[in-house]
Amino acid sequence: QERGRTSQVRWPGCGRAQTTRKGCYCRLPLHKLVHMRVLLMSLVCGAAWLDTMFGHSQTEAGVHRVQLLREGSGRKKSSSEYYGVISVGTPPQKFAVVFDTGSGNLLLPGAHCKSIACRRHRRYNAGLSKTATALRGAAEDGDDDRGSDEEDEEDTSLISRRHSRGATITFGTGKISGLYQRDRVCVGSICSTADFMAATKESRKPFTAVPFDGILGLSLPAMSEGKDFNIFHSMVQQKVLKHNIFSMFLADGSRKDSEVMFGDYDPKRMASKLVWLPVSGKKYWEVKMSDIIVGSKRQHLCHPKCRVAIDSGTSMLATPSRMARRLRAKLKVRKDCHGIEHLPNLSFILAGKKLELSPKDYIHRKQDGSCKLSLMSLDVPPPSGPLVILGDPFLKKFYTIYDATGAPGGKPRVGFAKARQNNDIEMLQLGEEQLPDLPSA
């Protein structure tokens, strides 16, 4: 095993790609942050700055591990997200990004963006990169589309409006407008040439407050602006991975060894046999669910099947409103936590497999000692929905593997195994180094 420290210039131990004849793989550390799906759809996060430490480790030739760390400093942990470091361009410019299996594009603040949300974060500068290419219609330095601090009218939908110069993406509480760019994108030691959007304008809310710089979408390519905008797809197509997979482990409690790993998975993270399920959707890492079981009783909530997305960008479980009301009535989680030890297990029947959460898994105990069911109502309209979303509570219980080509016919599949938690395995020793300092607004 080779260990190293991240730095502003290079990542010793990760600076040179470890390769095999089949390619390479890497692990990326993520820091826990504010809940992205709710942030994008409806909520505003609390303010914090990216001053936490990032670690990287390569375990063998062609493998790189990036650690996901939990946000500290007394932040509320009921709404949370995981983020880590990537680099873009030559020489590399480093950014903290959310690794989100529920979205499909890489979004970064651009050097031309003058919005305060951009100025408070690291901005990508194509002029400093020898490998940068402005895609057709992109603005030149003298263009007047520089963004502003004006608030955009609230829109409850999630929309991408393409135009000749780029796109405008509308979230629940704000908008990002940007220009299409192409450059070298590296996740640890795994690098590919990919397209992404460099923002020219970001609304104040919610993007001014968030500690991360951008979002790296890890959905299927159909959710991206184009196939070349999907970073994972670009890695697969350019054959830079040992295997066409990435895997995610989210630690529970106070452990700090959460990680995303590109190119392979770690059997030591698994406390049960691995089960593979075929992906049934075209955009999300989506599988079919036949029902939900509360205790030992089927709830008959799927007619005939429910669509379920495995989403690292959601800190809670999420279901359509009618289903959420039914489950709340059955589970009866009290704010004073009375009787939670007697509550039933909550199970999801996915492709005939029973994946079970205990009350400890689906109940969040707040800092004030009160209890809350980690379930939210989310009505995703057709054709993307209705949709059940399995977020952090599920991902802490189950180690997940996302395989782009492993199912019959070269189709995608998702692997599940019970995650090995509670210090059952030795914590990884990873080098630590801070990101470059945040700019002053």
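# Questions on a predicted model

Visitor: Which residues are exposed on the other side of α5?
Guide: Helices (H or I, at least four residues) and strands (E, at least two) are DSSP runs numbered from the N terminus. Exposed means over 50% relative accessible area, buried under 20% and partly exposed in between (1.4 Å probe, protein chains only). On the other side of α5, the exposed residues are R322 and R325.

Visitor: What kind of model is this?
Guide: Residues are numbered from 1 along each chain as its sequence is written, and side-chain values use heavy atoms, with hydrogens and water left out. Local features need pLDDT of at least 70, side-chain atom pairs count only at pLDDT 80 or more, and totals for chains, interfaces and linings use all residues, because this model is predicted.

Visitor: Within what arc do the buried residues of α5 fall?
Guide: Helix α5 spans residues 321-331, and its buried residues are S321, M323, A324, L327 and L331. Seen down the axis, these residues line one face of the helix, because their directions (from the helix axis to the C-beta atoms) fall within an arc of 155°.

Visitor: Which residue follows α5?
Guide: The residue that follows α5 has a positive phi, near 55°. This residue is K332.

Visitor: Is C337 buried or exposed?
Guide: C337 is placed in the loop between α5 and β21. Its phi is near 70°, a positive value in a residue other than glycine. Because the relative accessible area of C337 is 9%, this residue counts as buried.

Visitor: Is K239 buried or exposed?
Guide: K239 lies in the loop between α4 (231-237) and β14 (245-249). Phi of K239 is positive, near 55°, and the residue is not glycine. With a relative accessible area of 68%, K239 is exposed.

Visitor: What share of the residues counts as buried?
Guide: The protein has seven helices and 29 strands. Its accessible surface (Shrake-Rupley method, 1.4 Å probe; for residues, only the protein chains shown count as cover) comes to about 18,700 Å², and carbon and sulfur atoms hold 49% of that area. Of the 441 residues, the buried share is 58%.

Visitor: What share of the contacts with a separation of 6 or more comes from residues 24 or more positions apart?
Guide: Contact here means heavy atoms within 4.5 Å. Among contacts with a separation of 6 or more, residues 24 or more positions apart account for 72%.

Visitor: Which residues have the most contacts inside the largest nonpolar core?
Guide: A nonpolar core is a set of buried Ala, Val, Leu, Ile, Met, Phe, Trp, Tyr and Cys residues joined through side-chain atoms within 4.5 Å. The largest one has 69 residues. A second, separate core has 19 residues, including V98, A117, L135 and V210. In the largest core, the residues with the most contacts are F99, F262, L350 and F394.

Visitor: How many positions apart in sequence are the parts that F348 and F394 tie together?
Guide: The structure holds twelve aromatic pairs (Phe, Tyr and six-membered Trp rings with centres within 6.5 Å; stacked under 30 degrees between planes, edge-to-face over 60, tilted for the rest). F348 and F394 pair edge-to-face, at 6.4 Å centre to centre and 80° between the planes. F348 belongs to strand β21 (residues 346-350) and F394 to helix α7 (residues 392-397), so the separation of the parts they tie together, in residues, is 46.

Visitor: What is the relative accessibility of F416?
Guide: F394 also forms an edge-to-face pair with F416, at 5.8 Å centre to centre and 80° between the planes. F394 lies in α7 and F416 in strand β28 (residues 411-418), so this pair ties together parts 22 residues apart in sequence. F394 counts as buried at 0% relative accessibility. F416 counts as buried as well, because its relative accessibility is 2%.

Visitor: Which residue lies over the face of W276?
Guide: A charge sits over a ring if NZ of Lys or CZ of Arg is within 6 Å of the ring centre and within 35 degrees of the ring normal. The charged end of R269 sits over the ring of F249, 4.2 Å from its centre. Over the face of W276, at 3.7 Å from the ring centre, lies R413.

Visitor: What is omega for the cis peptide bond between H303 and P304?
Guide: P304 is found in the loop between β18 (297-298) and β19 (306-310). Another cis peptide bond runs from K205 to P206, with omega near 0°, and P206 is placed in helix α3 (residues 204-207). For the bond joining H303 and P304, omega is about -5°.
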